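Dear colleague,

Please find below the structure that I am handing over to you, together with its sequence. My notes on it follow directly after.

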Amino acid sequence: MSITAKWPDIQFGEIADFRNGLNFTKENFGKGIKVIGVSDFQNYLIPKYDELSEINPEGVVKSDDLLREGDILFVRSNGNRSLIGRSLFLSGIEGKISHSAFTIRARIFSNKAMPRFYAYLFRTSLIRETLSAYGGGTNISNLNQGILKQLKVPLPPLSTQHKIAAILSAYDDLIENNTRRIKILEEMAQALYREWFVHFRFPGHEGMRMVESELGLIPDGWNIEKVKNILKRLPVGKAYTQSEVSDKGQFQVIDQSRDDILGYHDGPPSQIASPESPIIIFGDHTCKMQMLIEPFSVGPNVIPFVSKNNLPIPYLYFLIHDLIETKEYKRHWTELTNKTVVFTNGKNAQLFSDIIKPNFEQMRLLKMKNTNLSRTRDLILPKLISGELDVSELDIMIPEAMT
């Protein structure tokens, strides 16, 4: 299948070679080399390297199994047919990385082809649909090297490939910069929380009296409770599935996966959050926790909650958001609510919340910018890749790293 008649078509195997990923078992988990699995694809262009699992490479990993800059990975096998052919682009590789047996690596060897251009090509809906159509079986969808080799892809002039990749990368660079700013804003709030409520160096701490407790020395007058005694779980309302949301809509649907948003719908929202009345969500399987300050709905296994005893919500968020982490795919709400915490409901909890509120408002605005940037990029992506938007005559500065 061809996505354009503007440029000549070639088979992907004319410009790339392929290799299946590693077969390994739980006994191989350990330290030594990071591995990209199907769950690491999400909807990313580039892997989140710091979130990858590791294995002990001894006796398992050969030099040919290592990924290189510019490689493209595809989901080869998955129970969900819609995920077949989902891709990742290897850029800015950190250390030695390989990939699991449920993925296929494509490595472009032709000097007529630019890897990043083809990484964007495989994010177009038509290419994804073509790959999905090849999937076989009733329960498991499979992509193989033969299908990829025969897949017809366009071959624009190399200069055009560079220009298209540079335009699209500009959007991704802005999104990544905003994402880093979001992370810094939350880390700043987290650092202040630790200083005040973990190290007990809050305003007026000088001369405070410390008392013994089951959790060690704590300031006199502070409280110790199980988490379930300070939380109020909210009714979920309608839990939206992937098939019930769209790319656009008035209200966001929060997912429990690493992707913040499952999609959008036009309401009404199930949760009415605001800067004055935030709501916290917890992913029951993933332990993802997020504080929302605008109306939203939820996807499956997302639990919204607030404070039961008038603790300021931003303070409550940092009080509990690092208590547990997911180590296996199971429900974690009961584990979370059975934890014991030490807290204050005094003026410093409210002062802390007032100080960090602007951080969350800035984070919300940055996320909105990223949503708009993503939508614009995804709108022009197929038009650029197909040649409908002609950039061949445009004077576009190509970053040195791309050449």
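In strand β4, Ile55 is the bridge partner of Ile33. Strands and helices here are DSSP runs, with E of at least two residues for strands and H or I of at least four for helices, numbered from the N terminus. The model is a predicted one, in which local features need pLDDT of at least 70 and side-chain atom pairs count only at pLDDT 80 or more, while totals for chains, interfaces and linings use all residues. Residues are numbered from 1 along each chain as its sequence is written, and side-chain values use heavy atoms, with hydrogens and water left out.

Strand β3 (residues 29–36) pairs with β4 in the antiparallel sense over 4 bridges; two strands pair if DSSP finds at least two bridges between them. Both belong to an open sheet of 3 strands in the order β4-β3-β8, with mixed pairing. Because β4 (53–55) and β8 (97–99) stand at the edges, each with a single partner strand, one side of each is left without a neighbour in the sheet. The twist from one strand to the next averages 65° (axes are lines fitted to C-alpha atoms, for helices over the stretch in contact, and angles run from 0 to 180 degrees between N-to-C directions).

Another open sheet of 3 strands has the order β17-β16-β20, and its pairing is mixed. Its edges are β17 (261–265) and β20 (296–298), each with a single partner strand, so one side of each has no neighbour in the sheet. Here the twist averages 30° from one strand to the next. Strand β16 (residues 251–254) pairs with β17 in the antiparallel sense over 4 bridges, and Ile254 stands opposite Ile261 in β17.

Strands β18 and β19 form a hairpin with 5 residues between them, and Cys287 in the turn has a positive phi of about 65°. The pairing of β18 (residues 279–283) with β19 is antiparallel, over 4 bridges, and Leu292 in β19 is the bridge partner of Ile279.

I turn next to the helices. The axes of α4 (residues 158–197) and α5 (residues 313–320) come within 10 Å and cross at roughly 80°. The two helices are therefore roughly perpendicular to each other (65 to 115 degrees; under 35 counts as roughly parallel, over 145 as roughly antiparallel and the rest as oblique). Glu186, Ala189, Gln190, Tyr193 and Phe197 of α4 make the contact with Tyr315, Tyr317, Phe318 and Leu319 of α5, where contact means heavy atoms within 4.5 Å.

How enclosed is α5 by the rest of the structure? Of its 8 residues, 8 are buried, so α5 is largely enclosed.

The largest nonpolar core has 52 residues, and those with the most contacts inside it are Phe305, Tyr315, Leu316 and Leu319. Such a core is a set of buried Ala, Val, Leu, Ile, Met, Phe, Trp, Tyr and Cys residues joined through side-chain atoms within 4.5 Å. Helix α5 gives the most to this core, with 7 residues. Not counting residues up to four places away in sequence, Leu316 touches Ile230, Leu231, Ile280, Phe305, Val306, Ser307 and Leu311. A second, separate core of 37 residues includes Trp7, Ala16, Leu45 and Leu121.

With kind regards

Definitions and conventions
Buried < 20%, exposed > 50% of the residue type's maximum accessible area, 1.4 Å probe, protein only.
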